[in-house]
Amino acid sequence: MPSRRVDPVTIEVVELIGDVVARYHMEYEHAAASHQLTGAQAKVLNMLSLEPMPMRRIALKLRCEPSNVTGIVDRLETRGLVERRPDPADRRVKLAAPTEEGTLTAERLRESLDFAREPLAGLSVEERTVLRDLLRRMLA
């Protein structure tokens, strides 16, 4: 009896996940470039459009050094897409937050990500819910 790690279905699932991730990254990079952003800048802008946050939290979400995030936010700020503002809960902490133009750019960026949206649209709400729950379980 084959172990669960090397059975044919597991191998195919791992390959399919890799293909999905590669296509998503390729489209994300293309969408970012169409807005004159790097993939990392687009990801940070998208995160901030959902919720302003301190640099350390951005770094944790991206799994990178805070100094890398500082450079990304600096470039977004130079373009007028992000601003730094005091955290109302702790004025010693600076939050990175999107400007109005940054929010609009993030919305346009999300709208242009057809690869992620179109295949999911072919699934029912129930199927998308199962997929989401399985992915969450895999990441837990």
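Visitor: What percentage of the 140 residues of the protein chain count as buried?

Guide: Buried means under 20% relative accessible area, exposed means over 50%, and partly exposed lies in between, with a 1.4 Å probe and protein chains only. Of the 140 residues here, 28% count as buried. This is a predicted model, in which local features need pLDDT of at least 70, side-chain atom pairs count only at pLDDT 80 or more, and totals for chains, interfaces and linings use all residues. Residues are numbered from 1 along each chain as its sequence is written, and side-chain values use heavy atoms, with hydrogens and water left out.

Visitor: How many helices and strands are there in the protein chain?

Guide: Helices (H or I, at least four residues) and strands (E, at least two) are DSSP runs, numbered from the N terminus. The protein chain has seven helices and three strands, and their order from the N terminus is α-α-β-α-α-β-β-α-α-α.

Visitor: What radius of gyration does the protein chain have, against that of a compact globule?

Guide: The radius of gyration is taken over C-alpha atoms, and the globule rule is 2.2 Å times the number of residues to the power 0.38. For 140 residues a compact globule would have a value near 14 Å, whereas the protein chain has 18 Å. Its C-alpha trace spans about 60 × 30 × 25 Å along the principal axes.

Visitor: Which residues make the nonpolar surface patch?

Guide: Patches are made of residues with over 30% relative accessible area and no salt bridge; like charges are joined within 9 Å, and nonpolar side chains (Val, Leu, Ile, Met, Phe, Trp, Tyr) within 5 Å. A salt bridge is a side-chain nitrogen of Lys or Arg within 4 Å of a carboxyl oxygen of Asp or Glu. Accessible areas come from the Shrake-Rupley method with a 1.4 Å probe; for residues, only the protein chains shown count as cover. Here Val9, Val13, Ile17, Val21, Leu120, Leu131, Leu135, Met138 and Leu139 make a patch of about 790 Å². Helix H1 (8-34) and helix H7 (125-139) each supply at least two of its residues. Leu120, another member, is found in helix H6 (residues 114-121) and is partly exposed, with a relative accessible area of 35%.

Visitor: Where is Glu29, and is this residue buried or partly exposed?

Guide: Glu29 lies in helix H1. Glu29 counts as partly exposed because its relative accessible area is 45%. The C-alpha atoms of Glu29 and Gly39 are separated by 5.0 Å, although these residues are 10 apart along the chain.
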